[in-house]
Amino acid sequence: MIGRRTLLAAAGLVPTVALTGTNVEAKAEEQAPAAGGLIDLHSHFLPDFYVDEARRAGIAFPDGMPFWPSWSVESHLAMMDATGIDRAVLSISSPGVHFGDAAAAAALARRVNDFAAHVAAEHPGRFGNFAALPLPDIAASVAEAVRALDELHADGVTLLSNAAGTYLGNLTLAPLLTVLNDRSARVFVHPTSPPNANVVNLGRPAPLVEFLFDSARTAVDLVATGQLQRFPRIRWIFSHGGGVMPLVADRVDYFRNQAGLDKVSEGAVSSFQKFWYDTAGTPLPRQLPALTSLVGTEQVVYGSDYCFTSPAAAGEQANSLRNAGEASDWATLTTANATRLLTS
Ligand SMILES: [Zn+2]
C-alpha cells in the first residue's frame, strides 16, 4: 500500500532530506500554497557553484547563448508567485553536468542533486527535482539515478537529448534504462546541442532551432532502436512540446516502412503518443495545436523554462495559455495532468 507520505513525496510536496516524520507533513501543509496554480515541470536552477564550474571548464556561452542567466531560490519563488506557479520541479538544463571529466561530472551531479533536495526541503510544497546524471558515464549515471530516486526521492531524472553524441536509443544506455524502468521513473528529456553544433548552428544559439530538432532526433532514435518498447514503464517527458516531433511523426513512419525499420520497432506516431510533453517556449498560436493533433490534451504539462526564460516572458507565455480560449483551459488542464503524472 502506498502511504500518504510516499504519495506526497512522489508529488514533490514533501522533502525527504533533513526532515522526517510528522514534522514534514505538518510543515508541508502549513506552507503549501493554495491549490489552483500552475505546476511547472520545466524549471531550471543554476546555483553559483554550478556556473563557476562550467565557466572553469571553458563554457562561457551555454549552447551559444550570450550569457549565463542569474538565479537564486528567492528570484525563482518571486517568478513563481508572479506567474501563478504553485510548484516547480527543478532541473539542470543543457549543458548538463559533464564538462569533459568523468569524475568531476559524477561529483557535480551529486552536488546539484543534493542542493535541489535541500531547496525542496527548505520550501515544502514549492519545489521538486528531476535529478541530473553524469552521462555519458553509464556506470556513474546508474549509481546517481539510484541514489537520487531511492535516497533523495527525486521526482525523476533529467536526460539530455544526447550526451557527447550518445542519443537515447543507444544500446549502451540499457543499464541506466533498466534501473529507470524498474522504478517506473519519470524521465525529463531536455534538448542540448547536437554533436556538430558549430556546423549546423550557423553561428546562432542552439536553442533557436537546433534544440527542437535534437528533441525529435533523440525521440526517433529511442523509437527506431526498439528501446522504447524494451523499457515500457519509463514515463518520458519531452520539452518544448516535443520540438518538431509532431511535424515529422507521419514522415518517420512513412520512411521507416520504406527502410524496413518497421520490423524492429513500433511506429513513431503511436510511440510519440505515449510521451508527455511540456509547453515550455512558445506553444501558441501554432505549436500547441500541432502537438494536440498528435497526442491530445491529457499528456500536456506546463513548463516555464525559467531561468533561461525571463520572468516577463514566462508571465506572457503563461498568460497566453490562460487566454487561449475555446475549450482549452490550459492552466487547469496542465495542472491536473501534472498532478496525475507526479502522483502515479
Ligand atoms: Zn529548458
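The model is predicted: local features require pLDDT of at least 70 and side-chain atom pairs count only at pLDDT 80 or more, whereas totals for chains, interfaces and linings use all residues. Residues are numbered from 1 along each chain as its sequence is written. The protein contains 15 helices and 10 strands, where helices (H or I, at least four residues) and strands (E, at least two) are DSSP runs numbered from the N terminus.

**Overall content**

- Of the 344 residues in the protein, 49% are buried; a residue is buried if 20 or more other C-beta atoms lie within 10 Å of its own, exposed if 12 or fewer, and partly exposed in between, with C-beta atoms placed from the backbone.
- Among the contacts with a separation of 6 or more, 79% join residues 24 or more positions apart; two residues are in contact if their C-beta atoms, placed from the backbone, lie within 7 Å.

**Packing of helix 9 and helix 11**

- Two packed helices are described by the angle between their axes and the distance between the axes.
- Helix 9 (residues 210-224) packs against helix 11 (residues 245-259) at an angle of about 35°, and their axes are 11 Å apart; axes are lines fitted to C-alpha atoms, for helices over the stretch in contact, and angles run from 0 to 180 degrees between N-to-C directions.
- Helix 9 contributes Ser215, Ala216, Ala219, Val220 and Ala224 to the contact, and helix 11 contributes Met245, Val248, Val252 and Arg256.
- These contact residues comprise 7 nonpolar, 1 polar and 1 charged; Ala, Val, Leu, Ile, Met, Phe, Trp, Tyr, Cys and Pro count as nonpolar, Asp, Glu, Lys and Arg as charged, and the others, Gly among them, as polar.

- Thr225 lies in the loop between helix 9 and helix 10 (227-230), and is partly exposed with 19 C-beta neighbours inside 10 Å.
- Leaving aside residues up to four places away in sequence, Thr225 touches Gly169, Leu171 and Ser265.
- Thr225 and Glu266 are 41 residues apart along the chain, and their C-alpha atoms are separated by 9.5 Å.

**Helix 15**

- Helix 15 (residues 330-343) has 14 residues and reaches 20 Å from its first C-alpha to its last, close to the 20 Å expected at 1.5 Å a residue; the expected span is 1.5 Å times one less than the number of residues.
- The buried residues of helix 15 are Trp330, Ala331, Thr334, Thr335, Asn337, Ala338, Leu341 and Leu342.
- Viewed down the axis of helix 15, these buried residues fall within an arc of 165°, so they line one face of the helix; the arc is that of the directions from the helix axis to the C-beta atoms.

**Backbone features**

- Most residues other than glycine have a negative phi, and most peptide bonds are trans.
- The Leu135 to Pro136 peptide bond is cis, with omega near 15°; Pro136 is in the loop between strand 3 (127-131) and helix 6 (138-151).
- The Leu284 to Pro285 peptide bond is also cis, with omega near 10°; Pro285 is in the loop between strand 9 (276-278) and helix 13 (287-295).
- Leu202, although not a glycine, has a positive phi of about 55°; Leu202 lies between helix 8 (197-200) and helix 9, and is exposed, with 9 C-beta neighbours inside 10 Å.
- His240 has a positive phi near 50°; His240 lies in the loop between strand 8 (235-238) and helix 11, and is buried, with 25 other C-beta atoms within 10 Å.
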